[in-house]
Amino acid sequence: MNARLFPWVAMALIVLVLAVRSALSTNVASVPAGATGQEISGGGPEVRLGPVDVRELHDDGSWNRLDASGAVYAYASRTVTAGDVTIFLGEGAPFAGTTVRARRATWDLDGKTIRLPEGCRVERKGGWTGELSTATLDLAGSVLRVPGPARIEGPGVSVQGKSLAWEWVEGKITMESPRSLLPPGERLRRKG
């Protein structure tokens, strides 16, 4: 063997060994620095991300945005699974101003839904907030659905119930078995 080729042959062997070794080890995955926990996408090829900012752009110039401390993008299912999530709904549109915060979320990019399996907190400009159990954001229909318990508070009112539908574009909230509570300082007074 020619002495000048020896370093090139050695380098090729090192690359071959590393390629075979990485192809055989399937149970090791790198986690980005700063990730607070391991997100799981459900199998198949995936991309693990550190802090993320995912945006869904609309033809009218509005967009929905998901910020998270760590996420996994699954190629096969076209989903983003994330932790420590903040979702901004309808930014750039007249109905902007709804923010959703959750510990975990899964954004189905094809189905245009975001599942919030551990519940969430919703804030809407104008002083409206909500503490919600397991929920689903239907981005195509602009509605937040909560099949279980939910509590909504707004200026001078607090409502608890179940099976919530919060249509953030129309500003409409519906719920089954609602119970309302007016705080003592906000009670309606008769005029005259």
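Predicted model: local features only at pLDDT ≥ 70, side-chain atom pairs only at ≥ 80, totals over all residues.
Visitor: In which strand is D138 found, and what makes a stretch a strand here?
Guide: D138 belongs to strand β9. Residues are numbered from 1 along each chain as its sequence is written, and side-chain values use heavy atoms, with hydrogens and water left out.

Visitor: Why is D138 called partly exposed?
Guide: Its relative accessible area is 22%. Buried means under 20%, exposed means over 50%, and partly exposed is what lies in between (1.4 Å probe, protein chains only). D138 at 22% therefore falls in the middle class.

Visitor: Which residues does D138 touch?
Guide: Setting aside residues up to four places away in sequence, D138 touches K112, T113, V143 and W168. A contact means heavy atoms within 4.5 Å. D138 and R115 are 23 residues apart in sequence, and their C-alpha atoms are 8.8 Å apart in space.

Visitor: You mentioned W168. Where is W168, and is W168 buried or exposed?
Guide: W168 sits in the loop between β11 (157-167) and β12. Its relative accessible area is 2%, so W168 is buried. The C-alpha atoms of W168 and L89 are separated by 8.3 Å, although the two are 79 residues apart along the chain.

Visitor: What makes the pairing of E56 with N64 a polar contact?
Guide: Their side chains come to 2.8 Å. A polar contact is a pair of N or O atoms within 3.5 Å; within protein, one must be able to donate a hydrogen and the other to accept it, and residues adjacent in sequence count only if both atoms are side-chain atoms. The value of 2.8 Å is within that limit, so E56 and N64 qualify. Leaving aside neighbours within four places in sequence, E56 is in contact with S62, W63, N64, W107, K112 and L139.

Visitor: What lies over the face of W63?
Guide: R55 does, at 4.5 Å from the ring centre. A charge sits over a ring if NZ of Lys or CZ of Arg is within 6 Å of the ring centre and within 35 degrees of the ring normal.

Visitor: What about T79: why is T79 called buried?
Guide: T79 has 9% relative accessibility, so it counts as buried. T79 is part of strand β4 (residues 79-91). The side chain of T79 also makes a polar contact with the side chain of S77, at 2.9 Å. Beyond four places in sequence, T79 touches V72, Y73, A74, T106, W107 and D108.

Visitor: How many aromatic pairs turn up, and what makes Y73 and Y75 edge-to-face?
Guide: Searching the whole structure gives 1 aromatic pair. The rings of Y73 and Y75 have centres 5.7 Å apart and planes at 85°, so the pair is edge-to-face. Rings of Phe, Tyr and Trp (its six-membered ring) pair if their centres lie within 6.5 Å; planes under 30 degrees apart count as stacked, over 60 as edge-to-face and the rest as tilted. Y75 is partly exposed, with a relative accessible area of 46%.

Visitor: Which residues touch the most other members of the largest nonpolar core?
Guide: Of its 32 residues, these are L66, I87, I114, L116, L132, L137 and L144. Strand β4 supplies the largest share of this core, 5 residues. A nonpolar core is a set of buried Ala, Val, Leu, Ile, Met, Phe, Trp, Tyr and Cys residues joined through side-chain atoms within 4.5 Å. Beyond four places in sequence, the contacts of L132 include L144, V146 and I152.

Visitor: Where is S142, and why is S142 called buried?
Guide: S142 is in the loop between β9 (135-138) and β10 (143-154). Its relative accessibility is 16%, so S142 counts as buried. S142 is not a glycine, yet its phi is positive, near 55°.

Visitor: How many helices and strands does the protein have?
Guide: The protein has 1 helix and 12 strands. Buried residues make up 36% of its 192 residues.

Notes: Helix = DSSP H or I, 4+ residues; strand = E, 2+ residues; numbered from the N terminus.
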